[in-house]
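Let's take a quick tour of the aromatic rings in this one, with a helix crossing at the end. Have the viewer open as you read.

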Amino acid sequence: MICGRRARPAAEQLRAPSDGAGGSRRPGRALKKMGLTEDEDVQRMLQGSLLWKVKAQGGSRARLFRLQEDGVTVCFEGRFRRARSPRSFSVAHVEAVRQGRRSEGLRKHGAAFPERHCFTLAFKGRRKNLDLAARGEEDARHWVQGLTKLMGRLQAMSQMEKLDQYPSRGCSGTGWGRLREVSLARCGWIHGVLQRADRNKDNKMSFREVKSMLRMLNIDMDDVYASKLFKECDHSGNERLEGRELEEFCRRLLRRPELEELFGRYSGEDRVLSAEELQDFLRDQGEECSPRQARSIIRTYELNDKAKQQDLMMLDGFMMYLLSAAGDILNQEHTKVHQDMSQPLSHYFISSSHNTYLTRNQIGSTSSTEAYVRALRAGCRCVELDCWEGSDGEPVVYHGHTLTSKILFRDVIESIRDSAFEKSPYPVILSLENHCGLEQQATMARHMKAILGDRLLTQPLQGQDPHELPSPEQLKEKILVKGKKLPELWQEPRGVTSLLDPEEEEEEEEEEDEEKVQERSPRRSLQSLQEIKPLQAKDASQVSPELSALVVYCQAVPFPGLAQALRHPQPCQMSSFSERKARKLIKEAGPALVRYNARQLSRVYPLGLKMNSANYNPQEMWNAGCQLVALNFQTPGYEMDLNAGRFLPNGRCGYVLKPLCLRSPPGEGSRRLALHIRVITAQQLPKLNRDKGSSIVDPFVRVEIHGIPADCAKQQTQHKLNNGAGARAGAGAFRGGGLRQHLLQRLRGAVHAAPAQHAPRVPPHPPALQGRRVPVTRHALRACSSQEPVRSHRRDNLVSPRCPRGDIVSV
């Protein structure tokens, strides 16, 4: 959110406040609603503080940070007039506040500041952390506690409360601040665009500025029609839109005839929806709703007080409901942990990451401890550490034989300790790919025991059969090590025992495949990088007793073959498969692999040949019951969208119970269900080419089902020319036939730009468009601007009564 004119202090006024001096600024209405007007921490934030911003490349810069009266925006700028204009961020975009040197940047470059003066703001999405250091411990404490309180209040606020405070962001009640209530319910996201389009910052919009705004909003509107609409709203006749004129313009601009038509179908001629009529609408959506529940919905989302008192809902209240979490197809009960968590680990899909340390591709990108933090906060429960010999006796983590940077194994373990259980209490698995010699393996073991402490599982659970897998519930807040384990009699003389031939292992097989490809290919590829030899001991195929002792339930072994594994199951042993080998097993012996995965854990990883860290389709691996389907979390795409959908339910805890047919095979298939979807509208679509202001999208919506081959299907609507802000995306109806294994399905909605007559417009870093999947709800699809989370409008007749909500769809 860009700071408004009135919320921005003059550069001369921005001075570092002295401790205990200076009066606090008057809190705004938003802080009153949050109940924080008298809060000491918030008062200090309103006063402002001089904080040092620690840069990722080293060095630091003093910046004046100040909370605005809206209670949401924090502005920061240099101490002197010649400094660049103020920058800002929204508290709503902060995911976590970490006190101390708990980020990679502060560990590397924050030594000049006492640890208690340091803190880090971790943002949602892909935005980089903000590493800060205060002048004193008290200042740091105020900012950490104050931001934590504001984040908690914002999260607890209802949608109505958020809309009520929205007008005060960066303004003082005039100009854009007059866009309130209903306008904001339907076009609050437009607020930032209005400010950017207002070039002279007079809180008024000329026709030229309106045209600029339309281009920002992805609308290629005819000049004649745009001028007509402008004049109709310009009641003052001064050729400027302001206040309620702008509110009316926004209403007309974003008028949704198709949604009004849906509302009119149920409300009748009086255009007012009674509780009984709302019941009819919900019943047609496949939901049972009592009169009491309908009245509760009206009282929660209706904006008009008089209508609310009479249990009536107007169009704007109806749209408020459709945009809320209550209208999501994901059963809100499933946003919490609701599944049985007392079954063996092998009965769950487990969110897993491959090459977790990388920020981009696996050839020359940066390795970072922050990549582990982001993966764990995204619900990942199995992270990978490629461990190699480092200098000074310290093991390092990086992608061997490549140009990727190195990070200390010790730093990785510290980051995992700090972030492992922030989002989920269930166990984290450290998948070690060990290339170290015996001495540094022992160092790895010492670091894990010293840093992780009691959280590191080193012995089988008491009262649990040591040869059977425990449950996620039993392993709460425990960290497990996946690696090679010595035979039980390793204690005999010095006891360093060489394991099976490493050439039998899948990772080695992939390296052999890569070498064959290199011999056939004259192009420069990984072959030229083999000259960069990592430090690796000759005895790296052996395992030290210290490291072996930390492996309990996840003993990595070469795959013995399905026949032997089924005859002599070893639940505490697990094997890894490349995606190629997994596909081969599925094709040749799918049912046998399902039986194997019902007792033992298996891990699937991407081919090593994919230099750009591309992913594979995880669905086919889940179909066979594979639990640890490891993907490159740093590579966005439909594969990661499917993964996000798989682990969206069950409170995003990273563990999802497999269907019964995959837990106790052979099992009965689930009953067939019919799925009917009607796409009503797609709107607020981001540009494909952000660098080109005149770029406009021609959107269409594609709906896909991913599951067993017999159930896979996709259909799309017709594209709509030159309208990204409000497009009736063509008549679109999806009929999913009779879904067989519906508990395995992922429903994916993708918003695309139309190809054919228009030149391809592919951005360097694709936003929500260009095939990106948006959360499919009972709303018609809408991908919004990049500054806001993706939301949607409700679908009509999405789920038939035979398709219970929450059973099929998770994306």
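Rings of Phe, Tyr and Trp (for Trp, its six-membered ring) pair if their centres lie within 6.5 Å; planes under 30 degrees apart count as stacked, over 60 as edge-to-face and the rest as tilted. With that in hand, F65, F76, F89, F123 and W143 form one aromatic cluster.

Some housekeeping: this is a predicted model, so local features need pLDDT of at least 70 and side-chain atom pairs count only at pLDDT 80 or more, while totals for chains, interfaces and linings use all residues. Residues are numbered from 1 along each chain as its sequence is written, and side-chain values use heavy atoms, with hydrogens and water left out.

**Ring pairs**

How many aromatic pairs does a search of the whole structure find? The count is 17. Here are two of them:

| Pair | Centre to centre | Angle between planes | Geometry |
|---|---|---|---|
| F207 and F230 | 5.6 Å | 80° | edge-to-face |
| F559 and F577 | 4.9 Å | 80° | edge-to-face |

F207 sits in helix α8 (residues 207-216) and F230 in helix α9 (residues 223-233), so this pair ties together parts 23 residues apart in sequence. (Helices are DSSP runs of H or I, at least four residues; strands are runs of E, at least two; both are numbered from the N terminus.) F207 is partly exposed, at 27% relative accessible area, whereas F230 is buried at 5%. Buried here means under 20% relative accessible area, exposed over 50%, and partly exposed in between, using a 1.4 Å probe and protein chains only.

As for F559, it lies in the loop between β16 (551-556) and α22 (562-567), and F577 is in strand β17 (residues 573-578), so the pair links parts 18 residues apart in sequence. F559 is buried, with a relative accessible area of 14%, and F577 is buried too, at 1%.

**Charges over rings**

A charge sits over a ring if NZ of Lys or CZ of Arg is within 6 Å of the ring centre and within 35 degrees of the ring normal. Elsewhere, R646 has its charged end over the ring of W622, 4.8 Å from the centre.

**A helix crossing**

Helix α11 (residues 257-267) and helix α12 (residues 275-284) have axes that come within 9 Å and cross at roughly 120°. Axes are lines fitted to C-alpha atoms, for helices over the stretch in contact, with angles from 0 to 180 degrees between N-to-C directions. The contact (heavy atoms within 4.5 Å) involves L262, Y266 and S267 of α11 and E277, D280, F281 and D284 of α12.
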